[in-house]
Amino acid sequence: MMPRARHLAGATFLIVLMWPSVALAHLMSTGFGPFYDGMAHLFVTPVDLMAVLAVGMLAGLRGAKPGRWALFGITTSWLIGGTVGLCVEADATPLVIGAAAGPFVVGLAVALDLRLPLAATTSIAALVGAGFGLLNGLSLRATGADSLPLLGITAAVFVCVTLIAAATVRVTRDRDWRRIAVRVAGSWITAISLLMIGWMLKTGV
Amino acid sequence: MKHTVVPITALLLLVLSNEALAHTDHDAGGFTSGLYHPISGLDHVLAMVAVGLWGAQLGKPSIWLLPVAFPIVMSLGALLGLLGMPLPGVEIGIAASALALGVMVLGEVKPRLAVALVMVGFFAIFHGHAHGTELPEGQSGVLYSIGFVLATGTLHVSGVAIGLVHRWPAGRVALRFAGGAVAAFGCFFLWRAIA
């Protein structure tokens, strides 16, 4: 990729991440159908996106193999958690704080550059996926949606974790400062999650 | 490649476009409020930039460890503020942080890493607590938090970027002058907080 195009792609990614939008319990309508509504949901839900970012970076920091395992761990568990959420009747409110704790823990692990074994990285990815999937499933059930949006969300998670983990593996291979940049990003995710937890506790979610 | 990136960018932005919000107290206002909050006070700005300056003077690993530690501990302070836990002398603590960090940069003081981390973390609690108690009602907590941390982090990165002049002899002198200026402002803020 040409340097200018690479910068443009990076700026696009940043704009998309920072694009101010309302956290929606209902799916946003893309006009392309429920599958694509589900795909778009991930990109307009900052908490979910932060969790995916954090897991991708954590796995990528450990290398290609943990990256691949985490990718399948988070995607599979997200789908399973979401399916369970679609099938059961439960209140999602207590899960919301737990969901914010996910990016906090994973972001901290990224910031500390913890040398976790493969099983631990995969388990963390699976736990985060299961939690967020369950939350998505419960929210979808509450809005009367079927399983198609969940498939869309899972597909978006798969693509995002693939790209983030692969990019992290690639950029942290040669240069120390790039590894530091990833760790700084992890610390920011931790700080944001901690603030969110405080906010949730204050407002009662 | 660039011929495909531009249309994809436009398409992404179109797909993700939100409804126009005329009311500023809507949830979507949280991001800009959060972004603005850390830069709304000179005392906060100077202290956060000074963290980056000092980190740059100290070199590896402080150059990145201090700016990593500050936002995390600051969020902890904000959490305390959000939960309504009182912290005495917040304004004095914030003013003292500018003074102390300015003095560190001015004197090019190089303590052990743990000491520097504890010092930065200690002052971060006061900054965080002030932000936590001043959070506006009716905003999106998630977006506010993202804006808040991004702004804080950017201030640190700016400090580190400025501090990179430390590699040149003239830059070292300029950096110490900058530290002196921060310390002078810190004195003023401290006098104002006590008076």
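Predicted model: local features only at pLDDT ≥ 70, side-chain atom pairs only at ≥ 80, totals over all residues.
Two residues are taken to be in contact when heavy atoms lie within 4.5 Å. Asp48(A), Val52(A), Val55(A), Ala59(A) and Arg62(A) supply the α3(A) side of the meeting, and their partners in α4(A) are Pro66(A), Gly67(A), Ala70(A), Ile74(A) and Trp78(A). Helix α3 of chain A covers residues 46-62 and helix α4 of chain A covers residues 64-87; their axes come within 7 Å and cross at roughly 150°. Angles over 145 degrees count as roughly antiparallel, and α3(A) and α4(A) are therefore roughly antiparallel to each other.

Stepping back to the whole of chain A, the secondary structure consists of eight helices and zero strands, so the order of elements from the N terminus reads α-α-α-α-α-α-α-α. Chain A has 205 residues, and 49% of them are buried. The accessible surface of chain A amounts to about 9200 Å², with 71% belonging to carbon and sulfur atoms.

Part of that surface is a nonpolar patch formed by Phe72(A), Phe158(A), Val159(A) and Leu163(A), whose accessible area together is about 380 Å². Helix α7 of chain A, residues 148-174, contributes the largest share of the patch, namely three residues. Phe158(A) sits in this helix α7. With a relative accessible area of 32%, Phe158(A) is classed as partly exposed, because that class lies between the 20% limit for buried and the 50% limit for exposed.

Chain B can be described in the same terms. Eight helices and zero strands are found in chain B, and from the N terminus the elements run α-α-α-α-α-α-α-α. Of its 195 residues, 51% count as buried. Among contacts in chain B with a separation of 6 or more, 86% are between residues 24 or more positions apart. Chain B exposes about 9000 Å², and 72% of this comes from carbon and sulfur atoms.

His156(B) belongs to helix α7 of chain B, residues 141-163. Its relative accessibility is 0%, so His156(B) counts as buried. Beyond the neighbours within four places in sequence, the contacts of His156(B) are with Met48(B), Val51(B), Gly52(B), Pro67(B), Phe70(B) and Pro71(B).

Phe123(B), located in helix α6 of chain B (residues 113-133), is also buried, at a relative accessible area of 9%. Setting aside residues up to four places away in sequence, Phe123(B) touches Gly93(B), Ala96(B), Ser97(B) and Ala100(B).

Pro86(B) and His129(B) are separated by 43 residues in sequence, and their C-alpha atoms are 8.7 Å apart in space.

Technical notes: Residues numbered from 1 in each chain as written. Chains lettered and ligands numbered in written order. Heavy atoms only, no water. Helix = DSSP H or I, 4+ residues; strand = E, 2+ residues; numbered from the N terminus. Buried < 20%, exposed > 50% of the residue type's maximum accessible area, 1.4 Å probe, protein only. Areas by Shrake-Rupley, 256 points an atom, 1.4 Å probe, with all protein chains shown as cover. Patch = residues over 30% accessible without salt bridge, like charges linked within 9 Å, V, L, I, M, F, W, Y side chains within 5 Å. Salt bridge = Lys/Arg side-chain N within 4 Å of Asp/Glu carboxyl O. Axes fitted to C-alpha atoms, helices over the stretch in contact; angles between N-to-C directions. Parallel < 35°, antiparallel > 145°, perpendicular 65-115°, else oblique.
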